[in-house]
Amino acid sequence: MAAGGGRSCFVLGASGETGRALLRELLARGAFARVTLIGRRRLSLGGTEAAVEQAVVDFERLGEHAAAFQGHDVGFCCLGTTRAKAGADGFVRVDRDYVAQAAELARAGGCKHFVLQSSRGANAHSRFLYLRVKGEVENLVQAVGFDRCTILRPAVLLCKRQESRPMEWIVQQILGAVARVFPSAHSVPVDTVARAMVACVLQPGQGRVEVLENGAIHELGKAGPEQGT
């Protein structure tokens, strides 16, 4: 039998910290016969290019790239930016509009299970832009009508970013120390999030829509990779 039982998945946001960790986890587990990265540019993958496909799309004209979303069983979404990097309008466009349109194209292309990285505190009625947008996109993705939708709401992500974010680095140092005493209280390593994202598709669901808060992400992301699962 082929790796992953012939199943196919795509990853949105593979250039980010969680996306890179997710790709490593997918390749380590061999859970899918076909892994496609969908993004605005090709990524240099350090020797693993042969193991994945890459589809380059223009997110401003995403409807013209429906073919990239065809034929996948599972879609993983780690797509996102920051208000500081893209401005308020750009943040909304990336974190809500791009994600929602991608979800619609994925569903139309046959995707059965959509796995969305959101954020702790996501709430469509929040007065804070970040949490409001995360809540809005959760609602939009659920409304698409996937057979199964899993939403992960991690707290502060612990990672070594390639881009410099000084204030975030300071917060990570503080929360990293707290995490040694209270592991699942206020933060979570990106590798744990990635393991949880893959693990949730390899086990039975708890209903059509499942929301995993930070503690559940820690619990699900504990186990190491199972080769060829």
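This report looks at the cavity and the cysteines of a predicted model.

## Ground rules

Residues are numbered from 1 along each chain as its sequence is written. Since the model is predicted, local features need pLDDT of at least 70 and side-chain atom pairs count only at pLDDT 80 or more, while totals for chains, interfaces and linings use all residues, and side-chain values use heavy atoms, with hydrogens and water left out.

## The hole inside

Here a cavity is a set of points, on a 1 Å grid over the protein atoms alone, where a 1.4 Å probe fits but cannot get out. Points are joined across faces, edges and corners, and the volume is the space filled by probe spheres set on them. The count is one cavity of 30 Å³ or more, and the largest cavity has a volume of about 40 Å³.

Who lines it? The lining residues (an atom within 4 Å of a point) are C77, L79, D95, V99, L116, Q117, S118, K134 and V137. At least two of the lining residues come from each of α2 (83-108), β5 (113-117) and α3 (129-144); helices (H or I, at least four residues) and strands (E, at least two) are DSSP runs, numbered from the N terminus.

## Cysteines on their own

You'll find zero disulfides in this structure, a disulfide being a pair of cysteine sulfur atoms within 2.5 Å. For C77, the nearest cysteine sulfur belongs to C78, 6.7 Å away. C111 has its closest cysteine sulfur in C9, and at 9.5 Å that is too far for a bond.

Terms used
On a 1 Å grid over the protein atoms alone, a cavity is a set of points where a 1.4 Å probe fits but cannot get out, and a pocket is an open set with protein on both sides within 12 Å along at least five of seven lines; lining residues have an atom within 4 Å of a point.
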